[in-house]
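Reader: I am new to this structure. Please show me how to read it.

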Amino acid sequence: MSFNWRVFEATLPDFLNAAAVTVKYAVIAIILAIIWGIIIGSINFRRVKGIWRITSAYVCFFRETPLLVQIYFLFYGLARLMTVNAGVIGVIALVLNDGAFIAEIVRGGLQSIDKGQEEASCAMGFSKLQTLVYFLIPQAFSKVKDSIMNMVSIIIKDTSLLMWITITELTYMAHRVNSKYYQPMTAYLTAAAIYMILFLLVQGIKKLLDRRSKKQNELSKSKTLFVDTLVVQALPVTLQLILGAFIGACIIGLAGGIIRGLKIPVLYQILGVYASFAGESRICWCCCSCTPQ
């Protein structure tokens, strides 16, 4: 069965609308899952008493059970207790499932940071929460951003399972087009092409972030190189000049004291002129004994 361009043209607006629904649920789920994953990963990293065992059990359960089972459990289970929109259930299921994976990624990133940085932060007077927020999480996030970007792609693909709770997203639209026109190649290939475009956009964002991070690293390295060059090369020269000036001043002061003590006429007059020039007729800059009479 070949690709039917007439069916493609007739159903393209429906596919674009379904793609917009997919993007909407994906963006909401990505933002909430990253925030939720950072919170749970931080709790498991700190091993907060009374909480971390519960969060560890949550991570284990949602990582080791299928997402579709979780969606069915939330959709049909909560429907017996309260009236909940299918879209809300879908977002909650995506956040709980993918947030558990992000939590483990964040926890691993936090554990990879040298403990000396946390000790230094505590020594500066920061609390454990401030240390976690201002020092550890930013560093961990920069280390695991590639893994988190991969999770973004996974969340976009996971939205395809929302079709089973009557959400008209991209895969649901492909299934509907196939049922109406009996053109599986046209329907599912169109959906696959749109998914591919979304994934390419994610990869483009990832490359932009990598390029920005690379520029920042190069800038920090250049600053470090400048400081190292300044310390290694300029500082010794400055110290040599200061030391030379100090030694010269001491020699001149010592010589002035000897000449003043011996009272050699010619040299004493020269010294008086020099002291007047250096100290503006008040005091010699190198030695108090050079004060003219």
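This is a predicted model: local features need pLDDT of at least 70, side-chain atom pairs count only at pLDDT 80 or more; totals for chains, interfaces and linings use all residues.

Reader: What is the mean pLDDT of the chain?

Author: pLDDT is the predictor's confidence in each residue, from 0 to 100. Here the chain has a mean of 82. In this chain, 74% of residues reach 70 or more. Over residues 280-293, pLDDT stays under 50.

Reader: How many helices and strands does the chain have?

Author: Helices (H or I, at least four residues) and strands (E, at least two) are DSSP runs, numbered from the N terminus. This chain has nine helices and zero strands.

Reader: How do I read a pair of packed helices?

Author: Two packed helices are described by the angle between their axes and the distance between the axes. Axes are lines fitted to C-alpha atoms, for helices over the stretch in contact, and angles run from 0 to 180 degrees between N-to-C directions. Take H1 (5-46) and H4 (residues 86-111). Their axes come within 6 Å and cross at roughly 40°.

Reader: Why are H1 and H4 called oblique to each other?

Author: Angles under 35 degrees count as roughly parallel, over 145 as roughly antiparallel, 65 to 115 as roughly perpendicular, and the rest as oblique. H1 and H4 cross at roughly 40°, and are therefore oblique.

Reader: Is Ser160 buried or exposed?

Author: Buried means under 20% relative accessible area, exposed over 50%, partly exposed in between (1.4 Å probe, protein chains only). Ser160 has 18% relative accessibility, so it counts as buried. Ser160 sits in the loop between H6 (128-158) and H7 (170-181). Of the 293 residues of the chain, 35% count as buried.

Reader: Which residues is Ser160 in contact with, leaving aside neighbours within four places in sequence?

Author: Contact means heavy atoms within 4.5 Å. Ser160 is in contact with Glu169, Thr171 and Tyr195.

Reader: Where does Phe3 lie?

Author: Phe3 lies in the segment before H1. Phe3 counts as partly exposed because its relative accessibility is 22%. Beyond four places in sequence, Phe3 touches Phe8, Met185, Thr186, Leu189 and Thr190. Phe3 and Ala187 are 184 residues apart in sequence, yet 8.9 Å apart in space, C-alpha to C-alpha.

Notes
Residues are numbered from 1 along each chain as its sequence is written. Side-chain values use heavy atoms; hydrogens and water are left out.
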